[in-house]
Amino acid sequence: MRLGEGLRLQVGDIDAARQRVHIRDAKGNKDRLVPLPQATHPLLRRFWQVHRNPVLLFPNRHGGLKGAAIAMTPMDSGGVQTTLHRVVGACGLKKKITPHSLRHSYATHLIEAGVDLIEVQKILGHHSILTTARYTHLTDQTKHHAIERINGLMDGFSITWGQVK
């Protein structure tokens, strides 16, 4: 999801039973449902237990933890970006990584894992499939899988040319 969409999440947007997150009023004023990985739910629950805001999943922390419990506004996006830059630096990475580049990486990994491009489009909330195709940066692994699949399809055919099979 986009950074702003994530920061605006409310506690009630998390549907653990169906393993999905309800993104409300996203880009284009549309709602969408995105998958909630099993490993993510316990992390979100533990994070919520730290602040216990009854509405916001990521409340601002201007008043410390007690302030977060009653905050009416979400965390600031600048704080998230600054924290990500610090983490990237601490890991020794030289590449510029932003929350949005993580979104691109997520889409690429979904495609590499075999998720249909139309499904990726729905998850990302893109109106056009062309936008989804542009946002996904296919890697050598994906290209290799394509070659394997093409060879698998062609191996099923018996092609002859004159005497040569």
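## Strand pairing

Strands S2 and S3 run antiparallel and are joined by 4 bridges. Strands here are DSSP E runs of at least two residues, helices are H or I runs of at least four, and both are numbered from the N terminus. Two strands count as paired if DSSP finds at least two bridges between them. Arg20 stands opposite Pro35 in S3.

S2 also pairs with S1 (residues 14-15), again in the antiparallel sense, over 2 bridges. Here Ile14 stands opposite Val21 in S2. S1 and S2 form a hairpin with 4 residues between them. In that turn, Gln19 has a positive phi of about 55°.

## Basis of the model

This is a predicted model: local features need pLDDT of at least 70, side-chain atom pairs count only at pLDDT 80 or more, and totals for chains, interfaces and linings use all residues. Residues are numbered from 1 along each chain as its sequence is written, and side-chain values use heavy atoms, with hydrogens and water left out.

## The two faces of S2

Side chains alternate along S2. Val21 and Ile23 point to one face and are buried. Buried means under 20% relative accessible area, exposed means over 50%, and partly exposed lies in between (1.4 Å probe, protein chains only).

## The S2-S3 loop

Asp25 sits in the loop between S2 (20-23) and S3 (32-35). Asp25 is not a glycine, yet its phi is positive, at about 50°. Its relative accessible area is 46%, so Asp25 is partly exposed.

Asn29 is found in the loop between S2 and S3. Asn29 has a positive phi of about 55°, although it is not a glycine. Asn29 is exposed because its relative accessible area is 65%.

## Overall make-up

The protein has 8 helices and 3 strands. From the N terminus, the order is α-β-β-β-α-α-α-α-α-α-α. Of the 165 residues, 28% are buried.

Contacts are heavy atoms within 4.5 Å. Among contacts between residues at least 6 apart in sequence, 34% join residues at least 24 apart. The protein exposes about 11,600 Å², and carbon and sulfur atoms supply 59% of it. Accessible areas come from the Shrake-Rupley method with a 1.4 Å probe; for residues, only the protein chains shown count as cover.

## Phe157

Phe157 lies in the segment after helix H8 (140-155). Phe157 has a relative accessible area of 55%, so this residue is exposed.
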